[in-house]
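Please walk me through this model in a viewer, one selection at a time. Say what to pick next and what is found there.

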Amino acid sequence: MAPGGTLEVSVLVVNHGAARTLGFKVWDDRGFMSSYEPKEHFLNTGENVTLTATFIAPSANDSFAFSVVTFTANSGSAQNYLKIPLSIIPVTALETDEIPPVYRLREFYMPCRGNIQSEPVCRHHTWQMLFTAMDDKSAVTVKINTNPSGLTCTPDGGDMKNVICKYRSTCCNPSAEVLISDDDGNTSSFTMDYRIPKLVS
């Protein structure tokens, strides 16, 4: 049930005993019920009646809410009951996130020029970048295709929807493709490539 929504719940009551008048009551733990019918009904042996209750969810509710509905049938000498869970799901939980996460490059240092990319010189020089990855709806995951051990990401203020990432690599690998994804499967990527094209002789 959505906030502000109305829900009707019906149960079938069957009399397996002697003919009698049954009294009915319906309630729930959170007070969402607005009405129910019938209040009582005469049933011969084997006859049945449908007991229907109407529930209204608070329109201001913006989080998940749960209640337990209790239906009772009382003949005076015996009583039977049925309990049913009732959930209120906020509209935001029903929305589908189709927007990919975004990134922002905050710092970039690339000294890998000329022969610095050649072995063994490249092993003694490093390049690095600092960037943020963000999503409005869910946690983000960041992966990199080269030198994964050079990547570290930290939630900004403990929020996994906004992470700060640092990447460092030697000039032997002056390129990186970064893949960013969120919990809903949306992805985005960017590439930093400063490799010097090799001449073909």
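Select tyrosine 194 to begin; in this predicted model the residue counts as partly exposed, at 31% relative accessibility. Phenylalanine 108 lies in strand 8 and tyrosine 194 in the segment after strand 14 (187-193), so the pair ties together parts that are 86 residues apart in sequence.

The structure has five aromatic pairs by the ring-pair rule.

Leucine 105 sits in strand 8 and is partly exposed, with a relative accessible area of 37%.

Is phenylalanine 131 buried or exposed? Phenylalanine 131 counts as buried, at 0% relative accessibility. Phenylalanine 190 counts as buried too, at 6%. With ring centres 5.3 Å apart and planes at 80°, the pair is edge-to-face. Phenylalanine 131 belongs to strand 9 and phenylalanine 190 to strand 14, so this contact ties together parts that are 59 residues apart in sequence.

Next, show the cysteines. How many disulfides does the structure hold? There are three. With bonded cysteines counted along the chain, their pattern is 1-5, 2-6, 3-4.

Select cysteine 112 and cysteine 171. Their sulfur atoms are 2.0 Å apart and form a disulfide. The torsion about the S-S bond is about -75°, so this disulfide is left-handed. Cysteine 112 lies in the loop between strand 8 (102-109) and strand 9 (126-134), and cysteine 171 in the loop between strand 12 (159-170) and strand 13 (175-182), so the bond ties together parts that are 59 residues apart in sequence. Both cysteine 112 and cysteine 171 are buried.

Move on to cysteine 122 and cysteine 172, joined by a disulfide with an S to S distance of 1.9 Å. Here the torsion is about 80°, so the disulfide is right-handed. Cysteine 122 is in the loop between strand 8 and strand 9, and cysteine 172 in the loop between strand 12 and strand 13, so the pair ties together parts that are 50 residues apart in sequence. Cysteine 122 is buried, with a relative accessible area of 0%, whereas cysteine 172 is partly exposed, at 24%.

The remaining selection among the cysteines is cysteine 153 with cysteine 165, a disulfide whose sulfur atoms are 2.1 Å apart. Its torsion is about 110°, so the disulfide is right-handed. Cysteine 153 is in strand 11 (residues 151-156) and cysteine 165 in strand 12, twelve residues apart. Cysteine 153 counts as partly exposed, at 34% relative accessibility, and cysteine 165 as buried, at 0%.

Finally, zoom out and colour by domain. The protein is divided into domain 1 (6-93) and domain 2 (102-193). How far apart do the C-alpha centres of domain 1 and domain 2 lie, and what is the value in Å? The C-alpha centres of the two domains lie 57 Å apart.

Methods. Residues numbered from 1 in each chain as written. Predicted model: local features only at pLDDT ≥ 70, side-chain atom pairs only at ≥ 80, totals over all residues. Heavy atoms only, no water. Disulfide = S-S within 2.5 Å. Helix = DSSP H or I, 4+ residues; strand = E, 2+ residues; numbered from the N terminus. Buried < 20%, exposed > 50% of the residue type's maximum accessible area, 1.4 Å probe, protein only. Domains from an automatic or database assignment. Phe/Tyr/Trp six-rings, centres within 6.5 Å; stacked < 30°, edge-to-face > 60°.
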